[in-house]
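Please keep the sequence and the structure in view while reading.

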Amino acid sequence: MNLTLKVWRQKNADVKGAFVTYKAERISPDMSFLEMLDVVNESLILKGDEPIHFDHDCREGICGMCSLYINGHPHGPKNAITTCQLHMRTFHDGETIVIEPWRAAAFPVIKDLAVDRSSFDRIQQAGGFVSVNTGVTIDANAIPIPKVIADEAFNSATCIGCGACVAACKNASAMLFVSAKVSQLAMLPQGQPERWSRVQAMVAQMDAEGFGNCTNTGACEAECPKEIKMTNISLMNNDYFSAKLFREEHVHEHASGE
Amino acid sequence: MYTRSEMLDVVTVDGHAKGIVTRNLITGEIDTHTGHAVLLATGGYGNVFYLSTNAIGSNVTAAWRAHKRGAFFANPCYTQIHPTCIPVTGDHQSKLTLMSESLRNDGRVWAPKTVEIAEQLRKGTIKADQVKEDDRDYFLERKYPSFGNLVPRDVASRNAKEMVDEGRGVGGSGFAVFLDFADAIHRLGKDAVAAKYGNLFDMYYQITDEDPYKQPMRIYPAVHYTMGGLWVDYNLSTNVPGLYALGECNFSDHGANRLGASALMQGLADGYFVIPYTLGDYLAQIGPKPVDGKHPAFEQTKQDVIARINKLLALKGTKTVNEYHRDLGHIMWEYCGMARTEEGLTKAKGLIQALRADFWKNALVVGENEEVNPALEKAGRVADFLELGELMVDDALMRKESCGGHFRLESQTPEGEALRDDEHFAFVAAWEYKGDNQPEVLNKEALDFEFVHLTQRSYK
Ligand SMILES: Cc1cc2nc3c(=O)[nH]c(=O)nc-3n(C[C@H](O)[C@H](O)[C@H](O)COP(=O)(O)OP(=O)(O)OC[C@H]3O[C@@H](n4cnc5c(N)ncnc54)[C@H](O)[C@@H]3O)c2cc1C
Ligand code: FES
């Protein structure tokens, strides 16, 4: 198939970008979207031009590196997949495809289609982990967890941190991402000791990074490649509210079950 | 955290590792970092084959730079080829996707009994479910009645290759066998199968546009893991004091044949149970002295890195770096893949040397250092793969026995299984770098088995 691409090209965060039109020729429907871009890039390199820069790594939907806003949708038109899992058979011969980077103040463009998502790293570093020393290994059945809860925590943990939720949101809010990271630990016993301080620290960092607020529109849930649910946001709001009702040290006493 | 920075060299001072040199992948800045010790956890080198299940960014550069600074590289030819990957569709393919091992619990692997039926399947004139039960060869169940579809990865992979070599491969390219869930769906019901494997079936469908609930999956082996890597002792220390290697980038734990799920176990063991203790021991020995970042070794190593980058950027030939990578991958897969021979490996050595020489003449590297430049990043990595590939071939040539993932056609049992030669090869091959284009020197670490004695594997 032959396609026309309108690709956002931008040298770095300090200069203005613009759309540039390219032809993508002899594209096989079996190619992934990124492999199609590889083909275009090889031809650009041979002409001595700079290849189109985009983020990618695992190319199988698990690492969260690929992004791309394709024809108005983060990760393209299909549901529940990442750009690297999108195949060219989704498009038809002769189609024009518009490719943009994630657009959000907290995700400055690095180059072309790649954006700097280190704001997500800093939110994670603010509390998205369990710092309690786990000591010796214990048997898996020593802390029984009801299956429904284990499954829910697992669903939250499938967030790959790609940032599609931010890109989809008219407010550029990161609530879906942050809430998934908060919830996966809040639901499990290992997450309890730091539950209340974690949610406060992560939300504070999210605000400091300049993400917008949530207005319950739900675009994030609709576009999330991992189908993370908005109920995570409710759970996070609930925890945040509970934590703010107490002073932090009281929260800790409370959490340790006095 | 230093994201988007790549380590390009190790700094050694008086034979001890004291820091690293990195390139900032956004600004191109070359930085030096000092430390009392250097820990590498930089993963495996499966991408030397171009196509593998590894992430695109996986590469050997960190380990290879350490090797060139004196660290031994052990058992480089030991590669794990995983039997259940989605087959290649064409030259555009950039990576291979693994279908989990767990699928072999319920899926049955088969190929058509005759070349004629295989041909019809390849042309698409018949579909898999139209092949009669009697015309199917469940080759793993037939050859290994007690293990069946659950034989280890190397055995399953080699047998799939055998089917393809006999002309019984399926799929458009002929490089595939079937993994069939019809029986499991019949026995357990579609819902039960979906509950177990639904996400994998979805993934398969996304990639191939075929519904594995209706037609069997097509699978073929792909490079998945590299058991070889930097030589380390029980403390995870390389032979360069202060330089440690953890996880897939070292050679330890898996011998010639990694078992499923054990790589993540190794990550835990190395990172959680071993290094916190053994590193402390080293630090106690060297004492609490500050590292002198002004030592000339830092500036010298930095200049070496800059010189190499400039050499790469000066390449203004006609062939993209990606093409060299793909060519190298073809050579490695053909001659140093699932079945290896003296003749093939000797040929591969010549081909790699020629390809490497050509790379340094005719490769095309666009752009500059002081910017985001993936072409430059890739060029450095491929240049290292072009050196590593030759060492892998040397290692495979030296090891005349078959052992785990390393299968030498000259060394088989009468039944066509891997035949070890413990009298001559019960050792770890730790290769020592001696300078560019010089043959590496082989050091042997003997393997002594006190309690469990070596025997021939059998899955019959
Ligand atoms: C698709 C797939 C599925 C797998 N499934 C399983 C499984 O189910 N069970 C199991 O046990 N194992 C599995 N494995 C194997 C296992 O995941 C890997 O062996 C393991 O993750 C390796 O961990 P590591 O920390 O050593 O290296 P990696 O996880 O590869 O990490 C290396 C890191 O170093 C970085 N790096 C590399 N070079 C440089 C450099 N020069 N400078 C800076 N950074 C650098 C890389 O970007 C990467 O982040 C799987 C592997 C793959 C590819
Ligand atoms: S490249 Fe890893 S999720 Fe797409």
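## The contact between chain B and chain A

Between chain B and chain A there are five salt bridges, a salt bridge being a side-chain nitrogen of Lys or Arg within 4 Å of a carboxyl oxygen of Asp or Glu. The elements of chain B that give two or more residues to the side touching chain A are α6 (190–208), α7 (262–286) and α9 (321–335), where helices (H or I, at least four residues) and strands (E, at least two) are DSSP runs numbered from the N terminus. The largest share of that side, four residues, is supplied by α6(B). Sorted by class, the side of chain B that touches chain A holds 14 nonpolar, 14 polar and five charged residues; here Ala, Val, Leu, Ile, Met, Phe, Trp, Tyr, Cys and Pro count as nonpolar, Asp, Glu, Lys and Arg as charged, and the others, Gly among them, as polar.

The model is predicted, so local features need pLDDT of at least 70 and side-chain atom pairs count only at pLDDT 80 or more, while totals for chains, interfaces and linings use all residues. Residues are numbered from 1 along each chain as its sequence is written, chains are lettered from A and ligands numbered from 1 in the order in which they are written, and side-chain values use heavy atoms, with hydrogens and water left out.

## Area and polar pairs between the chains

The contact (heavy atoms within 4.5 Å) takes 33 residues from chain B and 35 residues from chain A. About 2700 Å² is buried between the two chains, with carbon and sulfur atoms giving 53% of this area; buried area is the accessible area (1.4 Å probe) that two parts lose on being put together, summed over both. On the side of chain B, the residues that lose the most area to chain A are Arg4(B), His92(B) and Gln206(B), which together make up 22% of what that side buries.

Polar contacts between chain B and chain A number 13 residue pairs, both residues being at pLDDT 80 or more. Such a contact is a pair of N or O atoms within 3.5 Å; within protein, one must be able to donate a hydrogen and the other to accept it, and residues adjacent in sequence count only if both atoms are side-chain atoms. Glu371(B) and Lys111(A) meet through their side chains in a salt bridge, at 4.0 Å from N to O, and a network of salt bridges links Lys11(A), Glu50(A), Lys111(A) and Glu371(B).

## The two domains of chain B

Chain B is divided into domain 1 (5–78 + 227–446) and domain 2 (82–223), with bounds that come from an automatic or database domain assignment. The C-alpha centres of these two domains of chain B lie 33 Å apart, and 22 residues of domain 1 are in contact with 20 residues of domain 2. The area buried between them is about 1800 Å², with 58% given by carbon and sulfur atoms. Leu51(B), Thr53(B) and Met338(B) supply 36% of the area that domain 1 buries against domain 2, more than any other three residues.

How many salt bridges does the rule find across the interface of domain 1 and domain 2 of chain B? The rule finds zero salt bridges there, whereas six residue pairs, both at pLDDT 80 or more, are in polar contact between these domains. The side of domain 1 that touches domain 2 divides into 10 nonpolar, nine polar and three charged residues.

## Salt bridges and a buried glutamine

Over all chains, a search of the whole structure finds 53 salt bridges. One of them joins the side chains of Arg65(B) and Asp384(B), at 2.4 Å from N to O. Arg65(B) lies in helix α1 (residues 61–68) and Asp384(B) in helix α11 (residues 374–398) of chain B, so the pair ties together parts that are 319 residues apart in sequence. Arg65(B) counts as buried at 8% relative accessibility, as does Asp384(B) at 0%, where buried means under 20% relative accessible area, exposed over 50%, and partly exposed in between (1.4 Å probe, protein chains only).

Asp135(B) forms a salt bridge with Lys132(B), with the closest N and O atoms 4.0 Å apart; Asp135(B) is partly exposed at 26%, and Lys132(B) is exposed at 57%. Gln266(B), placed in helix α7 of chain B, is buried at 2% relative accessibility. Leaving aside neighbours within four places in sequence, the residues in contact with Gln266(B) include Tyr225(B), Asn250(B), Asp253(B) and His254(B).
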